[in-house]
Amino acid sequence: MAFSRVGRIAIGAGVVLIAVVAAAVVGVTLLVPLSSERARERFVAVLADRLDAEVELQELRVHTLPSLRAEGRGLTIRHRGRRDVPPLISVAHFSAEGGLMTLLHRHIGRVDIDGLDIQIPPDRNRDEADSAREAGRVDGREPAARADASRTFVVDRLFSTGARLTIIPKEAGKAPRVWDIHDLRMQTVSAGTTMPFEATLENAVPPGAITTHGTFGPWASEEPGSTPLDGVFTFSRADLSVFKGISGLLAAQGSFGGRLDRIDIHGETDTPEFTVNTGLPVPLRTRYHAIVDGTNGNTILDEVDASFLDTSVVAKGAVVGQPHKEGRTVKLDVTIPEGRLEDILRLALKAPKPPMIGGLRLTTSFVLPPGDEDVVRKLRLDGHFTIAGTRFTNATVQDKINELSHRSSGKVREPDAPRVASRFDGSFKLGDGRLEIPKVKFDVPGSLVDLAGTYDLVPETLNFKGTLFMDVKLSDTTTGMKRFLLKLADPFFKRDGGGSAIPIKVTGSRSDPSFGLDKGRLFSRKD
């Protein structure tokens, strides 16, 4: 959801500051009888007063023909007393122009701003400001007077190109968040009005183009987080390969509304070839409802409905930052109420044909911390699964399962007997690229396999141990001389209550597993 958060923060922070700058520009334009130097000095004084900030301006020129026009270069605006951080606003070049009659009605015809750089530092003085606000005054001035000053002019049309927004984190050593706003167009710009806007910007991670339009304001100077906003957005060709371990081009669209500190977002995404590097591409689509705090970027995922192939996934959770750590952690509760095992295996394995098919139900916690590590290695899962109606796509393996079922039941398999379906049930944990299954049950008619072990995702190696429980004695699984010889072994595999219990192990690779008797546990096993 980073794309929706970026657009709202960038526009919210930049628009109000641009509006105040534009009002001051035209206020100076009214002073055209003054020399350019005198106008520059007056501009600096007016803007410093309205923003209660330290203002510097390298050059300002005023013109009367063919229209009233002011043009400036090298503008910087700092929080008063904040020399410990970069300037709040830097502008390479700006201009404002309008007719005499529009200016008399406190309207500015057009403002152009090139090379706007907004850097928002952490607010170290918020507690002091809140105390002053409760007393009805901020920095020794009445709130009403400050509000009136910000509403002096209305900019009819505003154009900004090549802008950049940087949000500096509170934690030392944490990288700032930076967004490039290629093009911003606004109408009726004033801190005291609702401002329509259109913008195109570049998202940093994942990289992709964002277009958005809507309304913003009026700016709530005393409580910026309560500033209203509303609009729609599209996000195109977002390259997911910047996240190690996955790839695909994502497209998204949606709507947003609310206030800056609680942005309500409804959206849809489409990734035609979403790929986990260990598997094959699948078409992934999602619908989501999220609540974003535009003042810090934290996101609550109220509901995410995802689907790929014949599997649906439901998730809830949050995307939040951690103190003194770069990036954000994704924490979700994930449920697959009715899915297909073969879809999950396609996502996880590069095999052209899934080794197994069947119905899947799954619940798990999902934790994805930030960082450059491969997704497969940093992903954390902890959950439970049930796979029903499972069949192996390899005919040889399925024949062995069929044979096991019939022999375990003490029956002779008929040539036209139907294929036996298996059932798996167990818990699992994933971390550091290793899947741990502390207990899994594999059930076919006549037998039950109890296993525990690990599967390493990258080398695709298996290491499981467990017990095969059969309804009959070992000797009852065959006939003739083999049955007579196996009667000698029946006491070693005797199971309380009847039947057999055989210690087994599964090792090797996913593509070439090895099944065998665990001789080391033969005399020490516990049923």
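User: Why is phenylalanine 428 called buried?

Analyst: Buried means a relative accessible area under 20%, exposed means over 50%, and partly exposed covers what lies in between (1.4 Å probe, protein chains only). Phenylalanine 428 has 7% relative accessibility, so it counts as buried. This is a predicted model, in which local features need pLDDT of at least 70 and side-chain atom pairs count only at pLDDT 80 or more, while totals for chains, interfaces and linings use all residues. Residues are numbered from 1 along each chain as its sequence is written, and side-chain values use heavy atoms, with hydrogens and water left out.

User: How many aromatic pairs are there, and what makes phenylalanine 43 and phenylalanine 94 one of them?

Analyst: Rings of Phe, Tyr and Trp (its six-membered ring) pair if their centres lie within 6.5 Å, and the pair is stacked if the planes are under 30 degrees apart, edge-to-face if over 60, and tilted for the rest. By this rule there are two aromatic pairs. The rings of phenylalanine 43 and phenylalanine 94 are 5.8 Å apart, centre to centre, with 25° between the planes, and this pair is stacked. Phenylalanine 43 belongs to helix H2 (residues 36-51) and phenylalanine 94 to strand S3 (residues 89-98), so the pair ties together parts 51 residues apart in sequence. Helices (H or I, at least four residues) and strands (E, at least two) are DSSP runs, numbered from the N terminus. Both phenylalanine 43 and phenylalanine 94 are buried.

User: Is the pair of phenylalanine 385 and phenylalanine 428 stacked or tilted, and why?

Analyst: With ring centres 6.0 Å apart and planes at 50°, phenylalanine 385 and phenylalanine 428 fall in the tilted class. The pair links distant parts of the chain, with phenylalanine 385 in strand S18 (residues 380-392) and phenylalanine 428 in strand S19 (residues 422-431), 43 residues apart. Phenylalanine 385 has a relative accessible area of 10%, so it is buried.

User: Which residues have the most contacts inside the largest nonpolar core?

Analyst: A nonpolar core is a set of buried Ala, Val, Leu, Ile, Met, Phe, Trp, Tyr and Cys residues joined through side-chain atoms within 4.5 Å. The largest one has 101 residues, and those with the most contacts inside it are Phe43, Leu75, Phe94, Phe274 and Phe385. In soluble globular proteins, nonpolar side chains tend to be buried together. In the chain, buried residues make up 45% of the 527 residues.

User: What makes threonine 364 buried, and which residues does threonine 364 touch?

Analyst: The relative accessibility of threonine 364 is 9%, so this residue counts as buried. Threonine 364 sits in strand S17 (residues 356-368). Contact means heavy atoms within 4.5 Å; leaving aside neighbours within four places in sequence, threonine 364 is in contact with Leu332, Asp333, Val334, Leu381, Asp382, Gly383 and Phe428. The C-alpha atoms of threonine 364 and phenylalanine 428 are separated by 8.8 Å, although these residues are 64 residues apart along the chain.

User: Why is glutamate 342 called buried, and which residues does glutamate 342 touch?

Analyst: Glutamate 342 has a relative accessible area of 18%, so it is buried. This residue is placed in helix H6 (residues 341-348). Not counting residues up to four places away in sequence, glutamate 342 touches Pro354, Met356, Ile357 and Gly358. A polar atom of the glutamate 342 side chain lies 3.1 Å from the backbone nitrogen of glycine 358.

User: How do you know that arginine 185 forms a salt bridge with glutamate 198?

Analyst: A salt bridge is a side-chain nitrogen of Lys or Arg within 4 Å of a carboxyl oxygen of Asp or Glu. The closest N and O atoms of glutamate 198 and arginine 185 are 2.9 Å apart, and the two residues form a salt bridge. This pair links distant parts of the chain, glutamate 198 being in strand S7 (residues 195-203) and arginine 185 in strand S6 (residues 177-189), 13 residues apart. Arginine 185 also meets aspartate 183 in a salt bridge (1.8 Å, N to O). Arginine 185, at 29% relative accessibility, counts as partly exposed, and glutamate 198, at 38%, counts as partly exposed too.

User: How many salt bridges are there by this rule, and which residues are linked in a network?

Analyst: The count comes to 16 salt bridges. Arg69, Glu71, Arg73 and Glu97 are linked in a network of salt bridges. Arginine 110 and aspartate 112 also form a salt bridge, with their closest N and O atoms 2.7 Å apart. Arginine 110 has a relative accessible area of 27%, so it is partly exposed, whereas aspartate 112, at 17% relative accessibility, counts as buried.

Conventions. A polar contact is a pair of N or O atoms within 3.5 Å; within protein, one must be able to donate a hydrogen and the other to accept it, and residues adjacent in sequence count only if both atoms are side-chain atoms.
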